[in-house]
Amino acid sequence: MVNVGLQVRLEAKPGKEKELEEFLRAQLSFALGEPATTAWFAIKLDARTFGIFDAFPDETGRQAHLEGEIAKALGSTGAALLAHAPAIEKFSVLVAKLPGNGEVPDSLG
């Protein structure tokens, strides 16, 4: 069940696109280690624009992720790779289709 999520937009500095892509790929191991991260995606929108999209069962899980290893890595490595600070948006999930189900979040059910 997912009820909340994050959308993070990342723009690579010129010439740092490949490094940012590799950095994002390396973060999967951290996402896998977060029990409250139900879904996690690193995405590429265009040549310099990347993103992270993730979903959580509740605010506690989302906050744990924001204080976790991926956020720490972005904080320490971000200045070298990013054209500007990540744009982080919080959202509420209206409906979700996850592997094996189609569910309405608890907050709407």
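Buried means a relative accessible area under 20%, exposed means over 50%, and partly exposed lies in between. The exercises below apply this to a predicted model.

**Exercise 1.** Is Thr49 buried or exposed, and which residues does Thr49 touch beyond four places in sequence?

*Solution.* 
1. Locate the residue: Thr49 belongs to strand β3, residues 49-56.
2. Compare with the cut-off: the relative accessibility of Thr49 is 9%, so Thr49 counts as buried.
3. List the contacts: leaving out residues up to four places away in sequence, Thr49 touches Arg9, Leu10 and Lys44.

**Exercise 2.** Classify Arg62 as buried or exposed, and describe its surroundings.

*Solution.* 
1. Arg62 sits in helix α3, which covers residues 59-66.
2. Its relative accessibility is 7%, and therefore Arg62 counts as buried.
3. With residues up to four places away in sequence set aside, Arg62 is in contact with Val4, Gly5, Leu6, Phe56, Lys90 and Phe91.

**Exercise 3.** Which salt bridges does Glu59 form with Arg62 and Lys90?

*Solution.* 
1. Arg62 and Glu59 pair through their side chains, with an N to O distance of 2.5 Å.
2. Both residues are in helix α3, three residues apart, or about one turn of the helix.
3. Glu59 has a relative accessibility of 34% and so counts as partly exposed, whereas Arg62, at 7%, is buried.
4. Glu59 also forms a salt bridge with Lys90, where the closest N and O atoms are 4.0 Å apart.
5. This second pair links distant parts of the chain: Lys90 is in strand β4 (residues 87-92) and Glu59 in helix α3, 31 residues apart.

**Exercise 4.** How is helix α1 oriented relative to helix α4?

*Solution.* 
1. Two packed helices are described by the angle between their axes and the distance between the axes.
2. For α1 (residues 17-26) and α4 (residues 69-81), the angle is about 170° and the axes are 10 Å apart.
3. α1 is therefore roughly antiparallel to α4, because angles over 145 degrees count as such.
4. The contacts join Glu19, Leu20 and Phe23 in α1 to Ala73, Leu74, Thr77 and Leu81 in α4.

**Exercise 5.** Which residues make the nonpolar surface patch of about 350 Å²?

*Solution.* 
1. The patch is made by Phe41, Ile43, Leu45 and Phe53.
2. Phe41 lies in strand β2, residues 39-44.
3. The relative accessible area of Phe41 is 44%, so Phe41 is partly exposed.

Notes: Residues are numbered from 1 along each chain as its sequence is written. This is a predicted model: local features need pLDDT of at least 70, side-chain atom pairs count only at pLDDT 80 or more; totals for chains, interfaces and linings use all residues. Side-chain values use heavy atoms; hydrogens and water are left out. Helices (H or I, at least four residues) and strands (E, at least two) are DSSP runs, numbered from the N terminus. Buried means under 20% relative accessible area, exposed over 50%, partly exposed in between (1.4 Å probe, protein chains only). Contact means heavy atoms within 4.5 Å. Patches are made of residues with over 30% relative accessible area and no salt bridge: like charges are joined within 9 Å, nonpolar side chains (Val, Leu, Ile, Met, Phe, Trp, Tyr) within 5 Å. Accessible areas come from the Shrake-Rupley method with a 1.4 Å probe; for residues, only the protein chains shown count as cover. Axes are lines fitted to C-alpha atoms, for helices over the stretch in contact, and angles run from 0 to 180 degrees between N-to-C directions. Angles under 35 degrees count as roughly parallel, over 145 as roughly antiparallel, 65 to 115 as roughly perpendicular and the rest as oblique.
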